Amino acid sequence: MPLDQKFYSDKKNAYFSVTRTDIEGALDAPYESVLEIGCGSGDTLAWLKREEYVKNSCGVELTAAASELSRKNADTVHCLNAESDELPFMPDQFDLILLLDVLEHTVDPWALIEKLSPHLRPGGRMIVSIPNIRNLKALLPLLFLGKWEYEETGLLDRTHLRFFTRKSILGLFTAEQWKLNRSYSSNLAKGRMITLLNNLTLRLFEEFITLQYIVAVDKK
């Protein structure tokens, strides 16, 4: 069964109020209509409209409290579970769909992508961001201390059901239906020694200091 809103009842408001400006590198021309799954309080949708990246904004949010907040920032908001509930959208309704730190919370991310696909027009774009479990913050405590301790937020958020590396993120999208447009690291760990090591290894070290990946795919 998918998680319902009771699992998020003790999350603070800041958990739902993040403006994801880091997806700007995955955006191209202005879009007519955007759908964001897991829109939280709608801050990202508001930013997209303010910067004129989109004309019409629609959000889906699981929790009632965040849904009420998002109605101030989006044109339309539906409070429902995108995995288990019927989606109230028309075929080809959107030319941009956002899944930002959402798929790791789902029981079957492959099925959710397939469920959303008919509502994205051919040539439309889907942008996902997913935490990178290959990050040293998760790997080192596991390797050297045997620790895999869930937290309220971050890589080991206690509401995460799935874990991904860059390779498995890309594997969510079939070559028959999707074309990779671009992918890039977001929220890289910082520090002089880390930067030096990454440069010396020709950026091969980057997968271990990336907190999350942004991936943009276009529907064929």
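Is Asp-75 buried, exposed or partly exposed? At 45% relative accessibility, Asp-75 counts as partly exposed. The tour returns to this residue below; the model on display is a predicted one.

**The whole chain**

Begin with a cartoon view of the complete protein. Its secondary structure consists of 7 helices and 7 strands, and along the sequence these elements follow the pattern β-α-β-α-β-β-α-β-α-α-β-α-α-β. The protein has 220 residues, and buried residues make up 44% of them. Among contacts with a separation of 6 or more, 73% are accounted for by residues 24 or more positions apart. Switching to a surface view displays an accessible surface of about 11,500 Å², and 56% of that surface belongs to carbon and sulfur atoms.

Select residues 43-50, which form helix α1. The buried residues of this helix are Thr-44, Leu-45, Ala-46, Trp-47 and Leu-48. Just after α1, select Glu-52, where the backbone takes a positive phi of about 60 degrees.

Now display the side chain of Lys-49 together with that of Asp-75. The two form a salt bridge, with the closest N and O atoms 3.0 Å apart. Lys-49 lies in helix α1 and Asp-75 in the loop between α2 (64-70) and β3 (76-79), so the pair ties together parts that are 26 residues apart in sequence. Lys-49 counts as partly exposed, at 30% relative accessibility, and Asp-75 is likewise partly exposed, at 45%.

**Further salt bridges**

A search of the whole structure finds 10 salt bridges. Select Arg-20 and Asp-101 for one of these: their closest N and O atoms are 3.6 Å apart. Arg-20 lies in the segment before β1, while Asp-101 is in the loop between β4 and α3 (109-116), so this pair connects parts that are 81 residues apart in sequence. How does the burial of the two partners read? Arg-20 has a relative accessible area of 9%, and is therefore buried, the limit being under 20%. Asp-101, at 28% relative accessibility, counts as partly exposed.

Move on to Glu-152 and Arg-158, whose side chains meet in a salt bridge with an N to O distance of 3.1 Å. Glu-152 is partly exposed, with a relative accessible area of 40%; Arg-158 is also partly exposed, with a value of 33%.

Phe-144 has its place in helix α4 (residues 136-145). With a relative accessible area of 67%, Phe-144 is exposed, because that value lies over 50%.

What volume does the largest cavity have? The structure holds 1 cavity of 30 Å³ or more, and the volume of the largest cavity is about 40 Å³. To locate it, select the residues of its lining: Glu-104, Ile-130, Pro-131, Asn-132, Ile-133, Leu-155, His-160, Arg-162, Phe-163 and Phe-164.

Technical notes. Residues are numbered from 1 along each chain as its sequence is written. This is a predicted model: local features need pLDDT of at least 70, side-chain atom pairs count only at pLDDT 80 or more; totals for chains, interfaces and linings use all residues. Side-chain values use heavy atoms; hydrogens and water are left out. Helices (H or I, at least four residues) and strands (E, at least two) are DSSP runs, numbered from the N terminus. Buried means under 20% relative accessible area, exposed over 50%, partly exposed in between (1.4 Å probe, protein chains only). Contact means heavy atoms within 4.5 Å. Accessible areas come from the Shrake-Rupley method with a 1.4 Å probe; for residues, only the protein chains shown count as cover. On a 1 Å grid over the protein atoms alone, a cavity is a set of points where a 1.4 Å probe fits but cannot get out, and a pocket is an open set with protein on both sides within 12 Å along at least five of seven lines; lining residues have an atom within 4 Å of a point. Grid points are joined across faces, edges and corners, and a volume is the space filled by probe spheres set on the points. A salt bridge is a side-chain nitrogen of Lys or Arg within 4 Å of a carboxyl oxygen of Asp or Glu.
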